[in-house]
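Below is a short report on one protein model. Look at the structure first, then read on.

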Amino acid sequence: MELDPDDVFRDEDEDPDSEFFQEKEASKEFVVYLIDAAPKMFSSTCPSEDDKQESHFHIAVSCIAQSLKAHIINRSNDEIAICFFNTREKKNLQDLNGVYVFNVPERECIDRPSARLIQEFDLIEESFAKDIGSQNGIVSDSRENSLYSALWVAQALLRKGSTKTADKRMFLFTNEDDPFGSMRISVKEDMTRTTLQRAKDAQDLGISIELLPISQPDKQFNVSLFYKDLIGLNSDELTEFMPSVGQKLEDMKDQLKKRVLAKRIAKRITFVICDGLSIELNGYALLRPAIPGTITWLDSTTNLPVKVERSYICTDTGAIMQEPIQRIQPYINQDIKFTTEELSQIKRISTGHLRLLGFKPLSCLKDYHNLKPSTFLYPSDKEVIGSTRAFIALHRSMLQLGRFAVAFYGSTTPPRLVALIAQDEIESDGGQVEPPGMNMIYLPYSNDIRDVEELHSNPGVAAPRASEDQLKKASALMRRLELKDFSVCQFANPALQRHYAMLQAIALDENDIGETRDETLPDEEGMKRPVVVKAIEEFKKSVYGDDSDEESDSGPKEKSRKRKAGTSDEGSYDYIELAKSGKLKDLTVVELKTYLTAKNLPVSGKKEVLISRILTHIGI
């Protein structure tokens, strides 16, 4: 088997054997949605987008239904479970009253979301009163506590998987801020103590509990009455957590989406500061292009995923062979053999993931030095104790001195110099805007940087330069067209949105795909504003003169006439003579297409098709 040079030095994001790829695949979430089904959830309402009154139970169900669809698109490997508490009927492995685990046949209680689960959950409100029912499951006389039971059931569901390779979370929907408020003091204290202890036991097992409160239209949800201690909020976090009064359905969906789409560790890096001193860092991919998911091959009859297997067959004997343990790379008329271990050593450029080389002033770093999206680094004491202290000391010194660190980064990746830029924390009234840490910028080598004039001008000809007036008019035009508070996250990829909408309609048997809004289209109304039109006309006049329309139209035509005068449309070859002598195959595809274009013939197809088309036209 020949060795593909591109495969040897493939980037780590594309290498399935790389540490980054394996960690990305191993990272998944187990989520349990806990929905309060008490009568208060059905009697309380909030205004929706179309000013209709919607119950708090409908708001919670709508948010979860939207989240399930997002799970299939964004994180299809995550596993979820849906659990109602304060119910009339019970359905759970522990046989506890007031807790109902919603599921569909042929699916485990906590598993990947399926199309049938989403379809039936969308209709849960129609059959909830009949099949499940609502009742207050917290009764003082019987000491029954459905909230305690729900946390117990959720904790049991989240026993699946390991906390080392997966994040385990509970999302709690409720509009009751004091579940034990109507009870006697002694009973209230006892139920509060046992419920908080159950929540603490779950958190000690690595399970995080997140509260999604729904406020009354005339009363704000008071987190400090009970849930502050359950989810572990301190006084500073309490003011930031308080939700706004009368949250609408869309606001609730956005809140859930932000919490579910948490930043995950993309890679774990050992930062070697000097011999004998290293700290552990977690790398986060803050910004990456959105791409469609991988293709899954399905059986045409059962519609189940197909497992692809590959076998090696000996060409001499026809016997099935094991995968070859050696790879071959042709070099100077001979085959050089490589073993798998040798290839692994060739790829390993450095023993350390990240090695510090020195420091430079921030003024030495230019905008065009950034080759690809940066990686955000944050310390971790999980493996190397004291990493956070060392990182904070280094981080503060770099901010005070205005320096960035230059480091060497290379393992299974191509060797690369990187710049570590300290980022200070930015806070506002709404909370933290930017976290403290370091951004790892991938630096270019000197040969990677090309002069603009070298790339876009003819040799020996000076590149045209804009005049001061043209620069001034261009700057004025850009100021008129500048978007306020621009962020790339404001615009969704319309092709991907359409792609996902079609997949969702096929999977859920929906007749209406829905209209996909293209947010990348120009703002035609904004472009017609008088100040913008004036800026455009002044810029055109500064570049093309008074006759800007005629000048811009005549430019390509005049250039085309010069090309025709200098060379023939058919090129510099005698195609008829080459066709008779059978030498058309010696020409390149571009040269063959030159003849076809001149004769107004199709230029599609491979080289053999192009040659056949030319021979047919010539008549040979």
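Asn 600 is exposed, because its relative accessible area is 71%; exposed means over 50%, buried under 20%, and partly exposed in between, for a 1.4 Å probe and protein chains only. Asn 600 sits in the loop between α21 (589-598) and α22 (607-618). Its phi is near 55 degrees, a positive value in a residue other than glycine. The model is a predicted one, in which local features need pLDDT of at least 70 and side-chain atom pairs count only at pLDDT 80 or more, while totals for chains, interfaces and linings use all residues. Residues are numbered from 1 along each chain as its sequence is written, and side-chain values use heavy atoms, with hydrogens and water left out.

A second residue with positive phi is Glu 106, which is not a glycine and has a value of about 60 degrees. Glu 106 is found in the loop between β5 (99-102) and α5 (115-122). With 83% relative accessibility, Glu 106 counts as exposed.

**The protein as a whole**

The protein has 22 helices and 22 strands. These elements are DSSP runs numbered from the N terminus: helices are H or I with at least four residues, and strands are E with at least two. Of the 620 residues, 33% count as buried. Contact means heavy atoms within 4.5 Å. Among the contacts with a separation of 6 or more, 66% are between residues 24 or more positions apart.

**Helix pairs**

Axes are lines fitted to C-alpha atoms, for helices over the stretch in contact, and angles run from 0 to 180 degrees between N-to-C directions.

| Pair | Axis distance | Angle |
|---|---|---|
| α7 and α8 | 9 Å | about 15 degrees |
| α21 and α22 | within 10 Å | roughly 35 degrees |
| α15 and α18 | within 9 Å | roughly 155 degrees |

In the pair α21 and α22, α21 passes α22 in a left-handed crossing. A crossing is left-handed if the near helix is turned anticlockwise from the far one by less than a right angle, and right-handed if clockwise. The contact involves Val 589, Leu 592, Lys 593, Tyr 595 and Leu 596 of α21, and on the α22 side Lys 607, Leu 610, Ile 611, Arg 613, Ile 614, His 617 and Ile 618.

Ile 618 belongs to helix α22. This residue is partly exposed, because its relative accessible area is 23%. Not counting residues up to four places away in sequence, Ile 618 touches Tyr 575, Ile 576, Ala 579 and Tyr 595. Ile 618 and Tyr 575 are 43 residues apart in sequence, and their C-alpha atoms are 8.8 Å apart in space.

Helices α7 (residues 146-157) and α8 (residues 185-204) pack at an angle of about 15 degrees. They are therefore roughly parallel to each other. Angles under 35 degrees count as roughly parallel, over 145 as roughly antiparallel, 65 to 115 as roughly perpendicular and the rest as oblique. α7 passes α8 in a left-handed crossing. Leu 147, Tyr 148, Leu 151, Trp 152 and Gln 155 of α7 make the contact with Thr 194, Thr 195, Arg 198, Ala 199, Asp 201 and Ala 202 of α8. By class, there are 6 nonpolar, 3 polar and 2 charged residues.

Helices α15 (residues 468-481) and α18 (residues 530-544) cross at roughly 155 degrees, so α15 is roughly antiparallel to α18. α15 also passes α18 in a left-handed crossing. By class, their contact has 9 nonpolar, 2 polar and 4 charged residues.

**Two buried residues**

Glu 79 is in strand β4 (residues 79-85). Its relative accessibility is 8%, so Glu 79 counts as buried. A polar contact of 2.7 Å joins its side chain to that of Lys 160. A polar contact is a pair of N or O atoms within 3.5 Å; within protein, one must be able to donate a hydrogen and the other to accept it, and residues adjacent in sequence count only if both atoms are side-chain atoms.

Ser 44 lies in the loop between α3 (39-43) and β2 (45-47). Ser 44 is buried, with a relative accessible area of 7%. Its side chain reaches the backbone oxygen of Lys 40 at 3.0 Å.

Notes
Ala, Val, Leu, Ile, Met, Phe, Trp, Tyr, Cys and Pro count as nonpolar, Asp, Glu, Lys and Arg as charged, and the others, Gly among them, as polar.
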